[in-house]
Amino acid sequence: MKTEILKLLRETDGYVSGQQISRKLDVSRTAVWKVIRRLQEEGYQVEAVRNKGYRIADSPDLVTKEELDSLIKTRWAGRNILCFDVTDSTNLRIRQAGDAGAPHGTLAVADSQTAGRGRRGRSWESPAGNSIYMSILLRPQIPPEKASMITLVMALSVAEGITRCLGENAGADGSGADAGAASGIRIKWPNDIIINGKKLAGILTEMSAQIDYIDHVTVGVGINVNTVDFPEEIKETATSVRKEYGRLVKRAPLIAAVMERLEENYQMFLRTEDLSGLMDRYNDLLVNRDRDVLIIGAKEKYQAHSMGIDRTGELVVRKDDGTIEKIYSGEVSVRGVYGYT
Ligand code: BTN
C-alpha cells in the first residue's frame with residue numbers, strides 16, 4: 001500500500017484527500033494515515049493540511065522497493081525489483097535470478113556491495129549511501145555474437161538518463177534524449193560514462209549462453225552519484241555527479257530515468273538487431289570521436305584517428321597509413337593520446 005500511496009501523492013499536483021486515497025485503494029482512512037505517518041518517519045516530507053489532505057513536498061534519497069516502484073513507469077525495465085541494503089554483487093544476484101527463471105527486465109539494486117565487480121577482473125568500490133549499484137536481467141532472442149552491443153545500448157541509456165535527471169539546465173530541452181552533449185556527459189567507448197575527463201559510471205555485462213542461444217544477459221551499472229571522497233587509487237580518474245554539478249542528486253529518480261531510456265533504446269536495438277537506430281546519438285556523445293587515440297591490444301599498441309562506432313558497435317579508426325580498421329570491444333583498450341580519455 002505504501003507504493004500505491006506514494007504513487008497517488010506523486011501523481012497529484014496539489015493535495016489529495018485521505019478520503020480520495022482510502023476510496024481509491026479501498027482501505028480505511030486510519031490505514032492511510034498510518035502509512036503517511038510511516039512515510040514521514042522514513043524522511044518523506046508529507047504535509048497534512050486539515051480539509052485539504054496530503055501533499056508530498058520532498059522525498060529522502062532512498063533506494064527502497066517502494067520508492068523505486070512508485071517512480072519507475074516503464075512496461076518491463078525495472079518492473080520486478082529486488083532490493084538489498086547490502087549484497088555481494090547485484091550482477092551475481094541477477095545471474096542467480098536469471099537461472100531461477102526471473103522475468104526479462106528484473107532489476108537488482110543495492111545500497112552497498114561487499115564484492116562489487118568491475119571489468120577485467122577488477123573490483124568496484126561500493127560503499128553505502130551515495131551511489132547506484134544495479135543490474136538488470138535481459139532475455140534477448142538474438143544470436144550470442146550480437147550481445148556485446150547491449151553494453152553500448154546501456155551506456156547510451158545511462159548517459160541519457162543522467163542528463164534527463166539533471167533537468168533543463170543540462171541540455172537544450174532537458175529531455176535527455178538529445179541533451180547529453182550540452183550536459184557535458186560523454187561516453188568513452190565502449191561503455192564508460194565520463195565527464196570532464198573523469199569516470200562517472202561503469203558497466204559490466206555478463207552472459208549466460210549456449211553456443212547458439214542466449215539464456216540471459218546481466219547488465220550491471222555502477223554510477224557515482226553523491227560520492228565526495230574516492231579511494232586513493234582512483235582519485236585522479238573518478239568523479240561523481242555531485243562533484244561535477246555541485247548538488248545532491250537522488251538515486252531512485254535517476255534509476256527510473258535510466259530504466260526509461262533503456263526500455264526505449266533496447267526496443268530500438270531489438271528491431272534491427274544492431275545499433276543503426278542509436279549510433280548517431282551514441283556518436284554525438286562519444287568522447288573519443290574525431291580524436292587521436294591509442295589502441296592498446298594484447299600484442300600491439302598504435303596511434304590512430306577514431307571516427308566513431310558503426311552499426312555493430314565497433315570503433316572505426318583510421319591508421320596513419322590511411323587504412324581503416326574496426327576495433328572490437330573485447331580485444332583492446334582505447335585511450336586518449338594524452339591520458340585516460
Ligand atoms: C567497470 O569496471 O567499469 C564496470 C563496473 C560495474 C560496476 C557495477 S556496480 C553494480 C554491478 N554489480 C557489480 O558487481 N558490478 C556492477
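Modeller: The centres of domain 2 and domain 3, taken over C-alpha atoms, are 24 Å apart; the bounds come from an automatic or database domain assignment. This is a predicted model, where local features need pLDDT of at least 70, side-chain atom pairs count only at pLDDT 80 or more, and totals for chains, interfaces and linings use all residues. Residues are numbered from 1 along each chain as its sequence is written, and side-chain values use heavy atoms, with hydrogens and water left out.

Colleague: What are the bounds of the domains?

Modeller: Domain 1 is 2–58, domain 2 is 65–285 and domain 3 is 292–336.

Colleague: How many residues does the contact take from domain 2 and domain 3?

Modeller: Domain 2 gives 13 residues and domain 3 gives 14, with contact meaning heavy atoms within 4.5 Å.

Colleague: Which side chains meet in a salt bridge at 3.2 Å, N to O?

Modeller: Those of Asp-274 and Arg-311.

Colleague: Different topic. How much area do domain 2 and domain 3 bury between them?

Modeller: About 1,100 Å², 61% of it on carbon and sulfur atoms. Buried area is the accessible area (1.4 Å probe) that two parts lose on being put together, summed over both.

Methods:
Salt bridge = Lys/Arg side-chain N within 4 Å of Asp/Glu carboxyl O.
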